Amino acid sequence: MSRLSRAVRSAAWRWAFLWTAPFGMTATALGGEVEVLHFWTSPGEARSIAQLKDLIAVRGHTWKDFAVVGGGGQNAQAVLKQRVAAGRPPASAAIKGPAIQEWAATRVLTNLDAMATFEHWDEVLPPVVQEIVKFQGHYVAVPVNIHRVNWLWTNLDLLRKSGVDKTPSSFDEFVAAADKIKAAGYLPLAHGGQPWQDFLLFESVALGVGGVDFYKRAFLGLDTATLTSAEMRKVLASFRRLKSYTDDKSRGREWNAATNMVIRGGAAFQFMGDWAKGEFAEAGRQAGTDFACSPAPGTAGAYSFVVDTFAMFQLRNWEAQKAQGYLAYVLLGQKFQEQFNLSKGSIPVNMTVSLDKFDDCAKSSRRDFDATAKARSLVPSVAVDMVLSNANHDALRAVVSDFWVNDAMLATDAIERMARIAGNRPK
Ligand code: GAL
């Protein structure tokens, strides 16, 4: 075992002592500062993170908030790189997907195996999640939730007023409903015109129009034949079709501003992950009465997921390590898992947490998560950073977003650029 991993191990064991140690000790005797980098700044997200701050304070630790504005977290990742490069990592950062492996490979993350063993993470976390948060078999990050990405959010009042009697379950039904809504004088689709949101919309269309196998071959496999196939042309054409249902002020719009359009009746639909539900909840709206959550058209049998995780960076200061250890411990606990996921819109990643207090959207999310895991139609979200390495991700997102923004760009050009990305990938 290298000196580094020995040191990491021993820090982890010291944590193990700390969170199991009797807490009769005074809060100040235990207190340390924990700096957490995240990007959760929309009202629903802010409420979710506030719950964590409160739980940390209970044990006398101090939360140092390092929020970087920008839904989706691209800005936050850029800031994180600068901080680590300068030798001043935060105690923890919200990251996801392959970025966890990339950070772990640079040996800046802390080994969490001791805590994982004490807290039985192998038993409470779904296998697909364990794979994401382990590097070479060792835990290096703590997952906090499971978000479903392929959702369609609907304002039920606008649907009724437009004479549409149900939420669309296929792409063709979506087009028919959107045409009716437009004819009734309402905006069919709220869209936040930022590259990651363009990509998210494209992902749901790819899954709904192309299907799960197509999605896997195209994005998980970066298979050139699939990327250049007739199916991809159909997906691109369907994607472009949606633009005619959006408004011309969408460019640059944050995702939660688009959600608010659906909440307030400014638009009938939004394609967005279930963090959108956090905004409906903040506005006091009820699922099933005011709004509907349904799988994005054509994707009822599929589930594209995001797992938000907190990676723990190696720290020198002992007080800071204690606070960091406590944070890692709290994140998978019953209390935090319930409170946080209720306001975040996601479902608990600790599978032993009861869903009794959760709404029907969350309950159907859990059912579909389990069913799609069995049916092998549970897929990581390509748009929300769960699949591709940094460079490939940025390149594919740029193709999709350029195609969305520029009406003159031909499908052939988009396909050629996609094939080039596939050709350049490391073998
Ligand atoms: C995603 C993240 C979610 C959500 C969203 C909007 O990347 O996984 O937790 O907050 O961005 O900011």
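A cavity, as I use the word today, is a set of grid points where a 1.4 Å probe fits but cannot get out. Keep that in mind. The model is predicted.

So, how many cavities of 30 Å³ or more does a search of the whole structure find? There are 3. Take the largest cavity. About 110 Å³ of space lies in it. Its lining is made of 13 residues. Closest to the centre are Phe39, Trp40, Glu45, Gly72 and Trp275. By type, the lining divides into 7 nonpolar, 2 polar and 4 charged residues.

Where is this cavity? Domain 1 covers 3-148 + 306-361, and domain 2 covers 151-305 + 366-423. Both give residues to the lining, so the largest cavity lies between them.

What takes up the space of the largest cavity? The ligand does. Now to its surroundings. There are 14 residues around the ligand. Nearest come Glu45, Gly72, Lys96, Asp308 and Lys344. The shell around the ligand has 7 nonpolar, 3 polar and 4 charged residues. Domain 1 and domain 2 both contribute to this shell, so the ligand lies between them.

Start with Asp308. One of its polar side-chain atoms is 2.6 Å from an oxygen atom of the ligand. Lys344 also places a polar side-chain atom 2.6 Å from a ligand oxygen. Then His147: an N or O atom in its side chain is 3.5 Å from an oxygen atom of the ligand.

How much of the ligand's accessible area does the protein cover? On its own, the ligand has 300 Å². The protein covers 100% of that.

Definitions and conventions:
Residues numbered from 1 in each chain as written. Predicted model: local features only at pLDDT ≥ 70, side-chain atom pairs only at ≥ 80, totals over all residues. Heavy atoms only, no water. Near = heavy atom within 4 Å. Polar contact = N/O pair within 3.5 Å; in protein donor to acceptor, adjacent residues only side chain to side chain. Areas by Shrake-Rupley, 256 points an atom, 1.4 Å probe, with all protein chains shown as cover. 1 Å grid on protein atoms, 1.4 Å probe; cavity = no way out; pocket = protein on both sides within 12 Å on 5 of 7 lines; lining within 4 Å. Sits in = over half its atoms within 2 Å of the grid points. Nonpolar A, V, L, I, M, F, W, Y, C, P; charged D, E, K, R; others polar. Domains from an automatic or database assignment. Points joined across faces, edges and corners; volume = space filled by probe spheres on them.
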